[in-house]
Amino acid sequence: MLPEARFAVSLKNPDAVAAIVAALRHVYGDEVARLMLVEGMSLANLIDAMSSAPLTHREAIRAITDGLDDFVISPDLGRMWHLKYIYGDQPGSLHVVDMEIATPSGTLASKDIWLRLSS
């Protein structure tokens, strides 16, 4: 079980973080979920975990996007950045399959973005 005191920090989006924590615990178990939250994980790993969780696709993507404000993001993106969605292959698809972050100095793939829960 994850210790409740660890998450007693002031969160901007507590419901989104709770959904992320629940998904990580469901997919990886308590110990690995704790490690991923404290030590960090790639955005790609988070997307994979959320896709495997018992959430609708829309709920999973919303939790990720809403929860980003409560994570420390590496590398430092600066003040200006934009989350870009990568959609499925089918014409007109609104099914998000990946995400990137665009900055003035370039675009980072989800595997290159590291997230750690703020403490």
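**Chatting through a predicted chain**

Visitor: What should I know about the model itself?
Guide: It is a predicted model, where local features need pLDDT of at least 70 and side-chain atom pairs count only at pLDDT 80 or more, while totals for chains, interfaces and linings use all residues. Residues are numbered from 1 along each chain as its sequence is written, and side-chain values use heavy atoms, leaving out hydrogens and water.

Visitor: OK. How many helices and strands are there?
Guide: There are 4 helices and 6 strands, and their order along the sequence is α-α-β-α-α-β-β-β-β-β. The radius of gyration is 14 Å, close to the 14 Å from the globule rule for 119 residues, so the chain is as compact as a globular protein of that length. On terms, helices (H or I, at least four residues) and strands (E, at least two) are DSSP runs numbered from the N terminus. The radius is taken over C-alpha atoms, and the globule rule is 2.2 Å times the number of residues to the power 0.38.

Visitor: What does the C-alpha trace span along its principal axes?
Guide: About 45 × 30 × 20 Å.

Visitor: And what percentage of the residues is buried?
Guide: Buried residues are 35% of the 119. Buried means under 20% relative accessible area, exposed means over 50%, and partly exposed is in between (1.4 Å probe, protein chains only).

Visitor: Which residues in helix 3 are buried?
Guide: Leu-43, Ala-44, Leu-46, Ile-47, Ala-49 and Met-50. Their cover includes helix 1 (14-28), strand 1 (41-42), helix 4 (57-67), strand 4 (96-103) and strand 6 (114-117).

Visitor: Zoom in on Leu-43. What does it touch?
Guide: Leaving aside residues up to four places away in sequence, Leu-43 touches Ile-64, Met-99, Ser-110, Ile-113 and Leu-115. A contact here means heavy atoms within 4.5 Å. Leu-43 lies in helix 3 (residues 43-52) and counts as buried at 1% relative accessibility.

Visitor: Back to the whole chain: what share of contacts joins residues at least 24 apart?
Guide: Among contacts between residues at least 6 apart in sequence, 60% do that.

Visitor: What about Val-96, is that one buried or exposed?
Guide: Val-96 is buried, at 10% relative accessible area, and it sits in strand 4. Not counting residues up to four places away in sequence, Val-96 touches His-57, Ile-61, Tyr-85, Ile-86 and Tyr-87.

Visitor: Where is His-57?
Guide: His-57 is in helix 4 and is partly exposed at 27% relative accessibility. Beyond four places in sequence, His-57 touches His-95 and Val-96. His-57 and His-95 are 38 residues apart in sequence, and 7.8 Å apart from C-alpha to C-alpha.

Visitor: How many aromatic pairs turn up in the whole structure?
Guide: The search finds 1. Tyr-85 and Tyr-87 make a tilted pair, 6.3 Å centre to centre with 45 degrees between the planes. The rule takes rings of Phe, Tyr and Trp (its six-membered ring) with centres within 6.5 Å; planes under 30 degrees apart are stacked, over 60 edge-to-face, and the rest tilted. Tyr-85 is partly exposed at 33% relative accessibility, and Tyr-87 is partly exposed at 38%.

Visitor: Which residues does the cis peptide bond join?
Guide: Ser-74 and Pro-75, with omega about 0 degrees. Most peptide bonds are trans. Pro-75 is in the loop between strand 2 (71-74) and strand 3 (82-87).

Visitor: And Ser-105, buried or exposed?
Guide: Ser-105 is exposed, at 75% relative accessibility. Ser-105 lies in the loop between strand 4 and strand 5 (106-109).
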